[in-house]
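Please look through the sequence and the model before reading on.

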Amino acid sequence: MLNLYGSRIRSKQKKALNFFAEKLFSPQMIANLHIRVKFVSNSDDFGTVCVDDYNVIGEPRYFIMEIAKEDKLETQIQTMAHEMVHIRQFVRKEINEELSRWKSRRVNTDVVPYNELPWEIEANKLGNRMYEEFEEYCG
């Protein structure tokens with residue numbers, strides 16, 4: 001089970017986050033991931049995720065996920081799916097914390113539009129698919 005922290009995480013959100021983790025990570029990796037979920041007001045984004053800390057060998061394993069408090073539950077869960085893909089990208093070192101590299105190649109975020117950033121394309125595609133699978137799973 002995923003190590004989740006945050007006082008306002010609803011049971012369906014916990015269920016969703018664990019569902020997404022099982023799709024993205026091995027059981028061993030899940031046991032070593034720590035995610036603090038914060039619900040934030042007046043956010044310009046649906047959600048964000050950032051690295052909070054590293055394990056003893058310098059790999060990112062602690063994350064802060066911020067979710068827009070004002071959004072509907074379904075939108076929050078869809079955003080969580082998207083942000084979990086970003087966590088996988090950090091864990092696999094596909095993106096760096098400065099969001100300037102994708103799979104070892106430099107990406108100029110001043111030139112490339114947000115929706116065309118390779119990590120966003122992947123997070124949108126995979127996140128949407130996982131959200132649909134979760135909704136089917138829940139009935």
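In which strand is H34 found?

## Basis of the model

This is a predicted model, in which local features need pLDDT of at least 70 and side-chain atom pairs count only at pLDDT 80 or more, while totals for chains, interfaces and linings use all residues. Residues are numbered from 1 along each chain as its sequence is written, and side-chain values use heavy atoms, with hydrogens and water left out.

## H34

H34 lies in strand β2, where strands (E, at least two residues) and helices (H or I, at least four) are DSSP runs numbered from the N terminus. With a relative accessibility of 15%, H34 counts as buried, a term for under 20% relative accessible area, against over 50% for exposed and in between for partly exposed (1.4 Å probe, protein chains only). Leaving aside residues up to four places away in sequence, H34 touches N3, Y5, R61, Y62 and F63, contact being heavy atoms within 4.5 Å.

## Helix α1

The buried residues of α1 (residues 11–24), among them F19 and F20, pack against β1 (3–5), α2 (27–32), β2 (34–40), β4 (60–68), α3 and α4.

## Helices α3 and α4

Helix α3 (residues 73–91) packs against helix α4 (residues 118–138) at an angle of about 130 degrees, and their axes are 8 Å apart. Axes are lines fitted to C-alpha atoms, for helices over the stretch in contact, and angles run from 0 to 180 degrees between N-to-C directions. The two helices α3 and α4 are therefore oblique to each other, given that angles under 35 degrees count as roughly parallel, over 145 as roughly antiparallel, 65 to 115 as roughly perpendicular and the rest as oblique.

Methods:
Expected span 1.5 Å × (residues − 1).
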